[in-house]
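User: Please work through the sheets, helices and cores of the model shown below, with reasoning for each point.

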Amino acid sequence: MTSTGVPATGAERVDAAVAETVRGTGATIGALYLRAPDADVLRLEVLCGAPVEFAAPWSRVPIASPAPVADAFRENRMVWVGSQEELVRFYPRTAMALPYPFALAAAPVTGVRRWGSLLLMWPATRPPHMTGRERGHISASCMKVARLLEDAVASEHAPVPGETPRVLPVVTGRTAARPGPAAADFAERLPGGSCALDLEGRITFLSSGGAELLGRDADHLLGTLPWRSLPWLDDPTYEDRYRAAVISREPVSFTACRPPDQWLDFHLYPDASGISVRIVPTGGEPPASPAAPLPPRTAPPARAGRLYQLMHLAAALTEVVGVQDVVDLIADQIMPAFGAQGLVLSTADAGRLRITGHRGYPSRVIERLDGLPVDTSFTPAGHALTSGIPSFFSDPQEMRRIYPEAPVISGKQAWAFLPLIISGRPVGCCVLSYERPHVFSAEERAVMTSLAGLIAQALDRARLYDTKHRLAHGLQQALLPHTLPEIPGLNVAARYLPATRGMDIGGDFYDVIRLGDTAAAAVIGDVQGHNVAAAALMGQVRTGVHAHAALGTFPDDVLCRTNRLLGDLDPGLFTSCLYAHLDFAGRRVRLASAGHPPPLLRLPDGRAFSVDVPPGPLLGIDPDAGYPVTEIPLVPGMLLALYTDGLVETPGTDIDDSIAGLARCLAAADDQDLNLLIDTLLREAGPTRQRRDDIALLVLQTKGPDA
């Protein structure tokens, strides 16, 4: 029930649980992120203890992004950052936009399914480590929030996402009241001036001494933001001090000059309910070597929050890889930052504008706009690109005067056409559009224009990456076997997955070789490096192994001869390799390894384990190296899994533990369909984790007596 006796809705119960978690953990700021139903992003739904403007850069966080709430959701674990130094080390993009001392925890909100993440922030004065009891409290609170969300969905009272987050007050434990006469008299008796700000930055109280020092009557200042109502405080530096006080909850101070020459010291003392400010004349002389007077401004300065938002977006643009990453970043972060509802991103290609990504437009509109000439007069995109000058249209009438057909086709009500140009070379055009008329302030135009340059560079890099990636993928596929041979008595399946990051070509390879009617060979390997040279060597190694195996030689001889071949080629790269010779007549499998991870064996009774194969040196190191042979029985119905290290190597995890975990997964997997079994093993490697290395996986299963 609410305080008015009305039954609480699902949203109210969730809000109450979040507020209680913030209070119970001693946090100063809390934020609940929920996964959007239509995209791989986390949306900020509830904010407690800070103005919503502070959270603008993180109103939508892509699940794959390097951010605490995304990591907590993606990896289903609690993320703890105990200091600003740790934030800089692990999350530099976030630290750039929040350069204040604080600690934070991000925890997954998980019940029957994974709902999102809960973010909590504390002043930097708290202990740098979280106790087990604190972790348990936060985890229990997240489970409670998940339960409330599931109950709300079951009762059809699920919280409806709004355009902006729901902002909750922080419960301080004090009775809320306006300053009484005694409190006001107390402030009046203090030397200098006193005022109070709420967490939004608005002035809620001002003593007569404060009004005198600020040079304005209290009636003109109450309810206003000081950096807007007092022109001489209209500087991002001063607003930044207020932001620092709200986020860090630590006292801060700064000195400002009230024209013509009155220097004042401002001391800010924050808590969960607001900020108390002491204003006193600066003692002694003004600061030495004051800055030269600034030239008259033709536009208001950018707000501190906008500057940090621009820095955050700029850092994000440096991390994108492919063209689709650029489109997703603009849609998930830049569009919400400017309140836009539509996006069209075009690239200049052979004299035409090819649409590479869009949001908020029906397909018929995109089909009409795709492929327009670069110098088109149908929309402002052509003029913006050829002139290099952005175009802003606040309403359809303004657009219709020059481009009469464009508003009809678009269906939008306001537009920003941003040319994407690098060193005078047109790259494309980015169009942000609005469903209602929108007046573009000078600050907004300046920020959009700055971002356009960064988008142009990111898009140009991304197009180059995509081109190289397609080339690399084609080369990789050409070097791997297109099909695997059919071998009597043997079921075979294989899979290759390239790394998800970087523009390099992988060096992993596999092959299955038929050796007459009673034998077969299987090989898997990994060439050092991820470039064209590694791929070329991979092709040579695979060809060499295939040629030597076809002669019917034993596994140790195959590796020895291939090793000498690499010594003669002297590529400067090393190769790991695992070779298996399956003798169906003799019912045995001979294995030899050149520094490769051990294979996994699953017996017909379901037991699975790694086979101990003593490895020889990597191929290409010692031309005289030997390779011990390990022999195991070939049992009908047994399954052998060969893989490269990309499947089991994870930073911070012992590789033996990873191999043991993979063996357990193999034991529990259904082996009726080997391709589905491979899917299961790949999921064990991590369904959402970024692959820093490529993966090759080859599975062989001998047919049972009933097959």
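**Sheets, helices and cores**

Analyst: In this predicted model, helix 14 (residues 380–387) has Pro380, Ala381, Gly382, Ala384 and Leu385 buried.

User: Which elements do the buried residues of helix 14 pack against, and which residue with positive phi follows the helix?

Analyst: The buried residues of helix 14 pack against helix 15 (396–400) and against strand 13 (342–349), strand 14 (352–359), strand 16 (391–393), strand 17 (414–422) and strand 18 (425–434). After helix 14 comes a residue with a positive phi, near 75 degrees, and that residue is Gly388.

User: Over how many bridges do strand 10 and strand 11 pair?

Analyst: Arg258 stands opposite Gln262 in strand 11. Strand 11 covers residues 262–271, and its pairing with strand 10 is antiparallel; the number of bridges is seven.

User: Which residues have the most contacts inside the largest nonpolar core, and what surrounds Leu268?

Analyst: Nonpolar side chains tend to be buried together in soluble globular proteins. Inside the largest nonpolar core, the residues with the most contacts are Phe266 and Leu268. With its neighbours within four places in sequence left aside, Leu268 is in contact with Arg241, Tyr242, Ala245, Pro251, Val252, Phe254, Ile275, Ser276 and Val277.

User: How many residues does the second, separate core have?

Analyst: Val558, Leu591, Tyr627 and Leu700 are among the residues of this second core. It is separate, and its size is 52 residues.

User: Is Thr575 buried or exposed?

Analyst: Thr575 lies in strand 22 (residues 575–583). Its contacts, leaving aside neighbours within four places in sequence, include Phe509, Asp526, Val527, Leu537 and Leu619. Because its relative accessible area is 0%, Thr575 is classed as buried.

User: What is the average twist in the open sheet of order 19-29-28-24-25?

Analyst: This sheet has five strands with antiparallel pairing. Its edge strands are strand 19 (490–497) and strand 25 (608–610). From one strand to the next, the twist averages 15 degrees.

User: Which residue is the bridge partner of Arg602 in strand 25?

Analyst: Strand 24 (residues 600–602) and strand 25 run antiparallel, joined by three bridges. The partner of Arg602 in strand 25 is Ala608.

User: At what angles do helix 20 and helix 21 run to strand 24 and strand 19, respectively?

Analyst: Helix 20 (residues 655–668) lies across strand 24, strand 25 and strand 28 (639–643), at about 25 degrees to strand 24. Helix 21 (residues 674–684) lies across strand 19, strand 28 and strand 29 (695–702), and its angle to strand 19 is about 40 degrees.

Definitions and conventions:
Residues numbered from 1 in each chain as written. Predicted model: local features only at pLDDT ≥ 70, side-chain atom pairs only at ≥ 80, totals over all residues. Heavy atoms only, no water. Pairing = 2+ DSSP bridges. Helix = DSSP H or I, 4+ residues; strand = E, 2+ residues; numbered from the N terminus. Core = buried A, V, L, I, M, F, W, Y, C linked by side-chain atoms within 4.5 Å. Buried < 20%, exposed > 50% of the residue type's maximum accessible area, 1.4 Å probe, protein only. Contact = heavy atoms within 4.5 Å. Axes fitted to C-alpha atoms, helices over the stretch in contact; angles between N-to-C directions.
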